[in-house]
Amino acid sequence: MKIFKNILDFYIQSSLHIAVAIFSLVRITEISLQLSNDTTLELTIFFGTIVGYNFLKYFEAFQKGNFDLNKNRYLVGLTFLSAIATLFYFLQLNNSLQIYFIKIGLLVVLYPFLRKFGFWKLFLVSFCVTAITVYAPIIQHNAFSDDEKIILFQRFLIVISLMIPFEILDSETDDKTLKTIPQRFGVFKAKLFGISLLVSFVFLEFFKDKIEISNFAVAIITALFIGFTTFKRDKYYTSFWVESVPIIWLVLLF
């Protein structure tokens with residue numbers, strides 16, 4: 001049991017789980033818009049997510065000298081190999097997409113410094129995730145119809161909603177000067193905000209040429225996760241279960 005827990009912890013802490021979730025969002029976009037799957041693009045995003053998220057998670061600890069390289073040698077090794085893989089697949093992308101990813105990468109690099117603007121953190125993260133998982137596949141295939149615009153906005157809304165449980169659980173330990181949504185308006189209003197975004201997400205579905213039932217199911221699942229978020233939840237509630245929603249979404253879509 002301890003071995004399983006250690007494997008699970010490494011899977012989460014190394015950002016492999018979030019990378020699978022982001023990869024799932026890319027595949028959802030491709031399937032929903034009937035785009036041919038692009039393995040090079042998908043793998044660039046998958047490995048790039050590991051590098052990007054590990055940079056965000058451990059930047060502060062490394063900066064302060066609290067990051068134990070020996071203790072985290074497997075994590076460092078995985079991140080290094082992922083960086084090589086990211087570069088390998090990135091160089092195979094067309095020039096316009098490479099420039100696009102560089103711009104998104106700059107936003108990721110700036111994130112630790114922009115994090116102090118806690119209220120806007122949600123929107124910055126959601127913008128980056130949406131840009132990578134929706135807009136990148138669209139520009140790769142040179143297609144931008146009304147459905148693409150709707151899906152782009154829907155993804156932005158649902159990613160913010162998925163971050164609400166994280167915001168609530170972190171609000172007790174976050175610096176009060178960050179003024180995140182739960183800190184400013186309280187837990188109940190933060191939940192209400194997240195669920196109201198899901199209502200908008202569902203409402204937009206009716207304007208698409210092809211309505212996807214899986215989107216309604218995912219909205220309900222996300223609303224339940226938001227509703228059942230309490231300070232008593234353990235770390236796996238958000239870092240594993242909430243982050244599994246995109247994976248569940250992909251399975252439902254299939």
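## A helical span

The end C-alpha atoms of residues 150-169 lie 30 Å apart, and this span is 100% helix and 0% strand. Helices (H or I, at least four residues) and strands (E, at least two) are DSSP runs, numbered from the N terminus. Residues 190-207 are 89% helix and 0% strand, with end C-alpha atoms 27 Å apart.

## Basis of the model

This is a predicted model, in which local features need pLDDT of at least 70, side-chain atom pairs count only at pLDDT 80 or more, and totals for chains, interfaces and linings use all residues. Residues are numbered from 1 along each chain as its sequence is written, and side-chain values use heavy atoms, leaving out hydrogens and water.

## Salt bridges

The model has 6 salt bridges, each a side-chain nitrogen of Lys or Arg within 4 Å of a carboxyl oxygen of Asp or Glu. One joins Asp9 and Lys5 (3.0 Å, N to O). These residues are 4 apart in helix H1, so about one helical turn separates them. Asp9 is buried, at 10% relative accessible area, whereas Lys5 is partly exposed at 40%. Buried means under 20% relative accessible area, exposed over 50%, and partly exposed in between (1.4 Å probe, protein chains only).

Another salt bridge joins Arg27 and Glu30 (2.7 Å, N to O), and both residues are buried.
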